[in-house]
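Here is a short briefing on side-chain contacts and surface features. Keep the sequence and the model open while you read.

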Amino acid sequence: MTQDTAVAGGPVRRGPRDALGVFAAVAIGLSAASTVLIGLLGPSAMVPDLPGPSWQPPYSLGAGPDGHLVIALAAVAIALGGSGLAAALRSRWRPDPRLLLGAGSAVAALLALLPPSGSADHLNYAAYGRLAALGHDPYAVAPAALPGDPVAGAVEEWTGVTSVYGPVATAVQALASLAGGDSVRLTVFGMALFNAAAFAGTGLLLHRLTAADADLQRRAALLWTANPLVIYHLSAGMHVDTMAVACMVAALCAFSSARGATGGTAGGTASGLLLGLGIGVKLNAGLVALGPAWELRRRPGRLALVAGTATATVAAVYGIAGPHVLDQVSAAGRKVSLATPWQPVKFTLQSLFGPGAYAVWIQAGSVLLLAVLAWLVFRAWPVVRAAPWPGSPEVPAPLVSAVVVVAWLFAAPYALPWYDGLAFALLAAAPAWPVLEGFVVARTTILSLGYLPAREALRPDDLLWLKTVVRQQAVPWSLLALTAALAWWAVRAGARARRRPA
């Protein structure tokens, strides 16, 4: 049996049936369906209960599924999602990018009507919004300060922790709280609607940014809107990272429109403003700004415009939030999450220098590793490759941002799988680089399997090994091996790129 297949940059050809493409389509579809089913079944080890009248959204069947079932569904969603996405990026499968965009957006809209799954972070968001709506400072007052409150009292694991999120995120959370009132369900639903809009809007922006090439549009949809790993974490999980990604992609779109002689001032100002808002959601999103800065390094006037606007926006939003806004961020910067390769290093340093003494060594080491990885990957970029779309430089801003963010994710001592959404969005906005994309897919898949479930409270006792063996042992060493493989590939690819004649 044969089917029409397209080759990037060439005509449509008849060829043998693409088995890899068939697997990709089926695996991605089953992964998304598993994610939807987890939320549809209702409160479980993967889905926190949302206090409030049952007639209020979000809705579910309230089936009370067993913890083993929903955790198995999550494992299936991650495994099929990672393998299906990797296959799709490598196969000759050429679906209409508009179909991928529409299907992914429809899944996101459906998930907005279901309770969030994967972690209980959305309960923290609701509590911080509630604190702000009641006139408290969520950067100085923890949810535990309001134990009898119907919203703040619903927090599960972080009751004594103040907000680590930026003022823009807190403002959205406060608006949702004002709309939801005393109902956790309505507050979460309000945030879910905003999250779904940000998710679909990001997909539309990436579709527009890559409009010059259908293959780039298709790839952008696979890396973001139809990406089952992104759907699992940022759509179903409803993490605040979706807002930061939306701001940063919008900033890159505005920056792209400012490349020409016309509209440079307006586009540069808009880009700086959006960069500042993205940093106002999550501070580490500021790494994206290095892309426009690199591209404008020989245009000091426009660099000053973009950087000045972004700096003024950041100063305004963080200044309004008050003096405690960075307290929890500073504390989080000294932590090491269980599933990163730095966890074994932490135990070694603790044995040598005592508890707490490891922090400065790991912080310094992570910065050094970030710089080395970013430099090695930059060297691996084939500089003779043609510009990806008219008017763009050979090394455009999204590519620089993507490389820096990927290097940060591999080097960071504290990282959670939903942080990777930013890397997928930036890779979608950049020229195609299949090998680097493959490394990110592998990293997200491995790290995601380490957080099943992210909720510690309701994990079945006989699945404790998911934490002690998978999260604390298998995943850190697997990611260490993957980081070494990334560095080794980059060294070899960089050497080949330097030898290649122009």
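**Surface patch**

L352, F353, V360 and W361 make up a nonpolar patch on the surface, with about 470 Å² of accessible area together. Helix 14 (342-353) and helix 15 (358-380) are the elements that give two or more residues to the nonpolar patch. W361 belongs to helix 15. Bear in mind that this is a predicted model.

**Salt bridges**

- Side chains of opposite charge can pair when their charged atoms come close.
- The count here is nine salt bridges.
- One of them joins D215 and R94, at 3.6 Å from N to O. D215 sits in helix 7 (residues 214-223), while R94 sits in the loop between helix 2 (67-90) and helix 3 (97-112). The two are 121 residues apart, so the pair links distant parts of the chain. R94 counts as partly exposed because its relative accessibility is 29%.
- R94, D215 and R218 are linked in a network of salt bridges.
- E156 and R455 form another salt bridge, with the closest N and O atoms 2.5 Å apart. E156 is in the loop between helix 4 (121-133) and helix 5 (167-180), and R455 is in the loop between helix 18 (434-449) and helix 19 (465-499), so the pair ties together parts that are 299 residues apart in sequence.
- R455 counts as buried, at 2% relative accessibility.
- R219 pairs with E437 in a salt bridge, the closest N and O atoms being 2.6 Å apart. R219 lies in helix 7 and E437 in helix 18, so this bridge ties together parts 218 residues apart in sequence. Both R219 and E437 are buried.

**Aromatic pairs**

- The whole structure holds seven aromatic pairs.
- Y125 and Y165 form an edge-to-face pair, 5.1 Å centre to centre with 85° between the planes. Y125 is in helix 4, and Y165 is in the loop between helix 4 and helix 5, 40 residues apart. Both Y125 and Y165 are buried.
- W381 and W433 also pair edge-to-face, at 5.0 Å centre to centre and 65° between the planes. W381 lies in the loop between helix 15 and helix 16 (397-411), and W433 in the loop between helix 17 (421-429) and helix 18, 52 residues apart.
- W381 counts as buried at 3% relative accessibility, and W433 counts as buried at 5%.
- Ring pairs link W381, W433, F439 and W489 into a cluster.

**Charges over rings**

- The charged end of R297 sits over the ring of W294, 3.9 Å from its centre.
- R443 lies over the face of F410, 5.7 Å from the ring centre.

Key: Residues numbered from 1 in each chain as written. Predicted model: local features only at pLDDT ≥ 70, side-chain atom pairs only at ≥ 80, totals over all residues. Heavy atoms only, no water. Patch = residues over 30% accessible without salt bridge, like charges linked within 9 Å, V, L, I, M, F, W, Y side chains within 5 Å. Areas by Shrake-Rupley, 256 points an atom, 1.4 Å probe, with all protein chains shown as cover. Salt bridge = Lys/Arg side-chain N within 4 Å of Asp/Glu carboxyl O. Helix = DSSP H or I, 4+ residues; strand = E, 2+ residues; numbered from the N terminus. Buried < 20%, exposed > 50% of the residue type's maximum accessible area, 1.4 Å probe, protein only. Phe/Tyr/Trp six-rings, centres within 6.5 Å; stacked < 30°, edge-to-face > 60°. Lys NZ or Arg CZ within 6 Å of the ring centre and 35° of its normal.
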